[in-house]
Each structure stands twice: as structure tokens, then as C-alpha cells.
Amino acid sequence: MDIAQRRLADPQHWRLATAIRVLAMDAVEAANSGHPGMPMGMADVATVLFRNHLKFDASAPNWFDRDRFVLSAGHGSMLIYALLHLTGYEQMSLEQIKNFRQWGAITAGHPEYGHVEGVETTTGPLGQGIATSVGMAIAEEAMRAQFGEELCQHKTWVIAGDGCLMEGISQEAIGLAGNLKLKNLIVLWDNNDITIDGRVSLSDATDQHKRFEASGWRVLSCDGHDAADIDRALTDAASGKDDRPVLVDCKTIIGFGAPKKQDTSGAHGAPLGAEEIAAARAAYGWEYGPFVIPDDLRAEWNAIGAQGSAARAAWNARVDAMNGPAREEFARRVSGEISEKLAPALAALKAQSSEAKPKVATRKASEMVLEIVNEELPETMGGSADLTGSNNTKTKVMANFTASDRKGRYVNYGIREHGMAAAMNGIYLHGGFRPYGGTFMSFTDYARGAMRLSALMGVPVVYVMTHDSIGLGEDGPTHQPVEHLAMLRSTPNTWVFRPCDVIETAEAWELALNTESTPSVLALSRQNLPTLRVTHTEENLTARGAYVLREASAEAKVILMATGSEVEIAVAARDALEAQGVPTRVVSVPSMELFRDQPVEYRAEVLPAGTVRIAIEAAVRMSWDWLLLGERGNEAKSAFVGMTGFGASAPAPVLYKEFGITAEDVVAKAKDLL
């Protein structure tokens, strides 16, 4: 069926979809950059979805029981911007469309969470959207199990492209979703057979139908330019006829309607040009100029945006009818507010630990904290990338979240670090939960793409990263992170905590759970560490980022700074230096980011000028120079005791000795600098 026939087959649908196409063409042309082809190709599918299937109310973008719509193929951002504008989202004015990709506009090159209501998650790095949507679908199932389908019964719809399905994270995501039988997750595959370099066949021969079916999905197909066929497939997909997530193969033409560029990579990532746009307008039968949407068509789209208002009003009535305590708890969960019970419970653990002085690995200390956290906060949802027993992330109150038990709060993510991190983003973004997940710290490399998006979006998920140094021992350099702390600390809007004992671990967890806009990484030891905070204080000293743990006997001549498992070494070195008449202060630095945020007066108090400074960490030096050389430091009086290369396979005590990270090495270095 050619374009002329399609125009005649369903004129009303054609005009609605064409409005999306022309806005995409015009915005990309005005910006002189962008991706017009995908919005032009998927306009028919998106129109049918928003018109007939998506549960939403444009006047209440954050209504909790709305369907979630995720544009995983985020380069086609003008698709979602056009939809938000046309359906009447207040923030998405025509001026924002005209300023696509310009400074200060909410219409960023790729959709960014927090910039505009209606964008459920940041996408653009391909595959992230489909993986994040798995977390949203998990959270939807879990909230429904806890609060009932009267309050939580919605779907997660995803538009994903060929590139999303090529990225490795997509297999992690679809494998997890299939195993968990997330039937309310529906992926609409923009099957246009084009990537930047050309046809998909240049680089991939995967039978996507068989791939998804093998992963536990139901697979449907439709002509992505036939409104009736699209509606048939989406109706079937939304029917929930069995318990599998659904892939809908939408066969489309990229740049649909651009006579010279459609079905080519030339339509993917560049403006079409005035001549091609004029020809496309003629093919569409569109007689209006750039950015002009006729009033009657705009009214039709606005009516689509208001279709969900009755469902929202009915939902609000059901919420209002709840009994007081249940309504308050539901509201608290949806708002993300942390229970007031947490702080006193953690304070009690700190007091008990200061007195009992347990010698445990900080991964075990984290488990001790989580026993309290998971008891007090029903909104925590934990998990691990197949390392539960090593990460110590599962506590007594946590049952597994499975296809048969949606009330479980612990997700077995499998060996899927990247998929786990993206799913945690989605769980939080959905609302109702505070997710955390664990793996070995060296595998932050595998999770990095989603961890970066946690920071970019300001999503306060918690990454429990154990086996944080050469201290893990015999597994060797493949599993011993040395550069990872530097990488994580260099990431904007990320808190990196490396606690030295139970008390700092409790404080780190308290901070991580109370922030609303910053992800946290807990770098935790495999080896046992002594309790070093032996005097109880109600104050959360970790919130200062760094503080004096052991004071010098007189005005300090040496300051030893350390984190995590190396604070013990610093304390031993301090005692040795004091015994030799050298006044020495130990500064614990559980969070460089929080210390950087302290007033300069406090930083100067902790790190006065004129002393020898030594930093001790079983990792590379990078990230320490601002504390060694800046903050009134002196290069001639500064040194680093740590790693200069990769680790080795041997028992942990041997490694510390062989790599020169011992109290004796620190003492010798201090004497050389005095």
C-alpha cells in the first residue's frame, strides 16, 4: 500500500500521525541536528498507542497509576516531544519544540528525566530504556501485590529500535523479564532495518522473534504503517492472555514519506533539508507551514490527552476511600518519604557496636545494617547479580520476588550487572520502592552505563559493591579493583562511601537512604576489620565526608588519611609514630564528595597546613591529589601509600606486605618526609 492509499484508508488517523512527522522534521531542520527518521517511521504506531491504549492524563503527568511510556530509542526524541506537545502536556509548549536541542530548552537531544514531565527515564544510550522498563514492570507487580490492583494496575510500554536490541544489556533485560513473567511489559520494536552505517544485515543476523521467544516472551507482529493492524496487535499485546511479556514487531520504514531518504541511513541522524521536507509535505498532503498545527487537529490531539481523566478521577476516589493509616502509608510510599523509625534504630546499632566492638568485614557490617533497614522500611527492594552470599544483601525478612510471589522484596538478577543497575533505576523511577543491589566492585565496569544514568537522572539507588580491594586475596587481579574508586569518584553526582567499620557503614547507609537525588556506592571489604569508632556519638560523622578519628598527642606533625580497610593501617602507623615522639593525627575519609562540600573552615580544621600528609588506600593514587597537594597541602611533604598497578593472586596479608601497604611502610614514609 503506497502513501496515497494509506491516506485514504484512515484519513483521521493519517492527519494525527502526520502532525507528529512534520513537527519532527521541522524541529530537526530548525536545530540543524537531530534524528527525524525514527519519529517519522513510528508516528503511526505511537498515534495508535496514545489514542487507543495508553492510560494517561496529560493534565496530571505524575498520576501514579498511569501507564509508563519509555522511548528506549531515545535518539528519536522528537517523537515523544511531539506527543507531549500535541496531547497537551503544559510544559511542552510550541516554543520548546521550536527550540529543540538549544540551550535552556527542555527538549534536549535525547529525552532526559527531570527536564520535562512525561519523560519517565533518560534514554539515548541504546538498550538502557528497555532495561530500565524491566525495573518499572517489577515495581508495578510488587506494588500491586502489596496494595491491590485497585491502586496499581498499569502497563509499561516501550519503543525500542534495532540498535537497542543489539546492545548486550537488552539480552540481560529480556532474559530477566521473561523469567519473572512480567506480562504488563510490552515492547514495540521499530523494525526498520536501518542503523547509522546502513542496513542491519551489515552487522547482525539475529532472528529476534526466536530470541525473544527463547527468553520467555510472547511475540506478535504488525504492519507499522497500518493503523488497523497496529491496533489489532496492541490490543492482543495488552490482553494479558498469558503471563509472558510481549514483543510487538512493528515493521516500519525509517523517514517514512521522505521520497529520497526514506528506508536509508540518510534519514537517521541528520536534517532532511528543505527540498526533501517540501516533498514529504506534498506526499503527506500537508498544506501548512513549519510548526503549524491546525486548530481542529490540535483539539483532536488534546482530547486524546484528556481521555484518561475519568480513570484518574475514579482512582483518586478509591484512594480517598481507603482507611486513614493505609492511605497515609500508600501516600508515604508513593512520595518516597523515609520512615522516621529508621534513624533511632540505626543510632541504637551504632551505640551497641561502639560498646561491643565487633571485628567484621564491612560487607557483613552492611548486612547487619540491612537487617534493621529492611525491617523498618518495607519499601526497600534488594538484590544481587548472583552473589547474594558474598554481597550479604539478603536479610531475614526478604523473600524472593518471583513469577509466583510478587510480595517478595529480593530480586535474583542473575549474572546481569548492567541489567540489574538499569532495573534498579526503573524500580525507583516507577515509585514506591528504594532499590539496592550488589556485586563485586570490579564489576562496576559491567554496570557502568546504567550507574552513569543513575547519577545523571539523580536517582538515589544504592550500589552495594563488595570485595573492594586487593584484600579479597586469592581471586587475583581480575577481581581486585584498583582503578574503580577513582572512576566512581570522578562521576558527578555520585556518593562513594568506603567505610572503615560497622559504625561508618551504618552512617553511610543512613545517608544513602535519605538522599532524594544522588546514587550511592558502598565499597565494602571482604576481610574482617576492627571497630575503630569506640566512642559513641549521635552525630553522623560520615556526613562530614572526613573527620579526625584519632587525634595527635600534641600539635600534629603528620596527618594520615585513609579509607575503608586501610584506616586500620593508619591507626597502627599513628600509634607507632606517637611511640617514637611524632604527634600524628588519623583522618578517616569515608566520602570525598561529602568532604568537598564542607565549609572551608571545617576542611582547614581537619587538614591544617604545614604538616606531612600521607594518604593510604589499596587502590591507585588518582582522586587523592586534591587532599595531598590541595587543601593547603605541600607536594614536598606529601606521599601516597597504595597501588601503582594491578594486584596479584595470594592471601590478603601477603598482598598488603608485598605491595607495601603496611603500617611499617607508612611509618617509614612519614619519617622520610619529616
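A cavity here is a set of points, on a 1 Å grid over the protein atoms alone, where a 1.4 Å probe fits but cannot get out. Grid points are joined across faces, edges and corners, and a volume is the space filled by probe spheres set on the points.

Some housekeeping. Residues are numbered from 1 along each chain as its sequence is written, and side-chain values use heavy atoms, with hydrogens and water left out. Because the model is predicted, local features need pLDDT of at least 70 and side-chain atom pairs count only at pLDDT 80 or more, while totals for chains, interfaces and linings use all residues.

Start with the largest cavity. Its volume is about 110 Å³. It is lined by 14 residues, and F56, D67, Y89, G118 and E120 are the closest to its centre. The lining of the largest cavity has nine nonpolar, one polar and four charged residues. For these classes, Ala, Val, Leu, Ile, Met, Phe, Trp, Tyr, Cys and Pro count as nonpolar, Asp, Glu, Lys and Arg as charged, and the others, Gly among them, as polar.

Now the second largest cavity, at about 50 Å³. Which residues line it? They are R448, M451, Y463, L488, T491, T494, P519 and V521. That lining divides into five nonpolar, two polar and one charged.

On to helix α19, residues 444–457. Helices (H or I, at least four residues) and strands (E, at least two) are DSSP runs, numbered from the N terminus. α19 has 14 residues and reaches 18 Å from first C-alpha to last, close to the 20 Å expected at 1.5 Å a residue. The expected span is 1.5 Å times one less than the number of residues.

Where is the kink in α19 centred? On A450, with a bend of about 40°. The bend is the angle between axes fitted to the seven residues ending there and the seven starting there.

A450 is also among the buried residues of α19, along with T444, A447, M451, L453, S454, A455 and M457. Buried means under 20% relative accessible area, with a 1.4 Å probe and protein chains only; exposed is over 50%, partly exposed in between. The cover over them includes α6 (128–147), α18 (417–430), β10 (434–440), β11 (462–466), α20 (484–489) and β13 (520–524). After α19 comes G458, with a positive phi near 75°.

Compare α2, residues 11–31. Its 21 residues reach 30 Å, close to the 30 Å expected. α2 is mostly covered, with 16 of 21 residues buried.

Next, M561 in strand β15 (558–562). Why does M561 count as buried? Because its relative accessibility is 1%. Beyond four places in sequence, its contacts (heavy atoms within 4.5 Å) include V587, V589, L607 and W624. V589 is 28 residues from M561 in sequence, and 6.7 Å away, C-alpha to C-alpha.

Last, the largest pocket, with about 550 Å³ of space. A pocket is an open set with protein on both sides within 12 Å along at least five of seven lines; lining residues have an atom within 4 Å of a point. Of 27 lining residues, Y113, V334, L429, H430 and G431 lie nearest the centre. α14 (324–335) and α18 each supply at least two, and α14 gives the most, four. That lining divides into nine nonpolar, eight polar and ten charged residues.
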